[in-house]
Amino acid sequence: MISGKTTLIAHIGYPTEAFKAPLIYNPWFETNGIDAVVVPMGCKADNYPSFMKAFFRLTNVRGALITMPHKVTTVSLVDECTTTVKIAGSCNAILKRPDGTLLGDMFDGTGFTRGLRRKGFVYDSAKCLVVGTGGVGSAIAASLAADGVASISLCDTDRASAESLAARLRNHYSRLDVHVRGNNPAAYDLVVNATPLGMKAGDPLPFDVTRLAPTTFVGEVVMKQEITPLLKAAQDRGCPFVVGTDMLFEMIPAYLEFFGFGTATPDELRAVAKVAY
């Protein structure tokens with residue numbers, strides 16, 4: 001039940017039809033007696049800066065979840081950004097602080113790394129390859145750096161994008177070994193598909209899975225299906241892996257902590273969520 005005391009969290013993007021977050025957050029709030037609600041808000045790119053400024057003037061707003069096409073624009077609209085945002089170049093969470101200033105953070109990568117840790121991945125001394133250096137790939141690389149991996153290799157069809165991300169990583173993590181390389185997945189502890197490949201039937205795999213060692217963790221960001229063609233191929237080679245939806249359900253506890261609503265485990269969220277994958 002929404003009342004005059006309910007705290008609002010906006011879920012801002014366009015279009016909103018595929019938004020899944022309200023179907024996860026709101027049942028959890030209800031189950032735990034938290035008077036808060038996540039509300040989908042469809043806002044086109046041209047209207048977003050003015051809408052965001054007006055929205056955060058509301059007195060019962062705690063923050064916002066930001067999705068496409070606004071993640072990059074948001075960076076210039078908040079008062080302060082975390083290191084992860086500065087590296088990723090995009091922002092998917094805004095917290096309205098008690099003094100009214102806005103803090104921007106990015107949890108795409110956090111969800112991914114939490115999911116990896118839950119599956120037993122050890123970050124210390126790990127060698128990682130991230131294929132795809134757009135928004136989600138940049139966020140994952142930033143979180144891997146924060147978690148203390150030894151090296152990150154970056155691959156993208158747009159080499160300038162990969163070089164730019166590499167420079168940002170070196171700027172904030174001077175001890176990290178960073179390279180721009182090809183998509184050969186051999187000899188890595190972790191290989192991540194952060195490209196859209198796998199969204200469409202007939203897409204090629206993002207890298208040659210026959211070069212994967214059975215001990216290599218494989219990460220996937222595509223959520224179209226639970227086991228994508230890439231993960232099926234990795235599974236057949238005996239590789240441990242994390243699915244795209246692991247990232248989503250691991251990301252939400254980080255959001256809850258950011259907004260001051262405590263935390264939850266992915267299992268607790270899945271138990272009450274009104275959406276199936």
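1. What percentage of the 277 residues of the protein count as buried? The value is 52%, where buried means under 20% relative accessible area with a 1.4 Å probe and protein chains only.

2. A quick word on the basis: this is a predicted model, in which local features need pLDDT of at least 70, side-chain atom pairs count only at pLDDT 80 or more, and totals for chains, interfaces and linings use all residues. Residues are numbered from 1 along each chain as its sequence is written, and side-chain values use heavy atoms, with hydrogens and water left out.

3. Now the overall fold. The protein has ten helices and twelve strands (DSSP runs numbered from the N terminus, helices being H or I of at least four residues and strands E of at least two). Its radius of gyration, taken over C-alpha atoms, is 19 Å, close to the 19 Å from the globule rule for 277 residues, so the protein is as compact as a globular protein of that length. That rule is 2.2 Å times the number of residues to the power 0.38.

4. On to one helix pair. Helix 6 (residues 135-146) packs with helix 7 (residues 159-172) at an angle of about 25°, their axes 11 Å apart; axes are lines fitted to C-alpha atoms over the stretch in contact, and angles run from 0 to 180 degrees between N-to-C directions. The two helices are therefore roughly parallel (angles under 35 degrees).

5. Finally, the contact itself (heavy atoms within 4.5 Å). From helix 6, Gly137, Ser138, Ala141, Ala142 and Ala145 meet Leu165, Arg168 and Leu169 of helix 7.

Conventions:
Angles under 35 degrees count as roughly parallel, over 145 as roughly antiparallel, 65 to 115 as roughly perpendicular and the rest as oblique. Buried means under 20% relative accessible area, exposed over 50%, partly exposed in between (1.4 Å probe, protein chains only).
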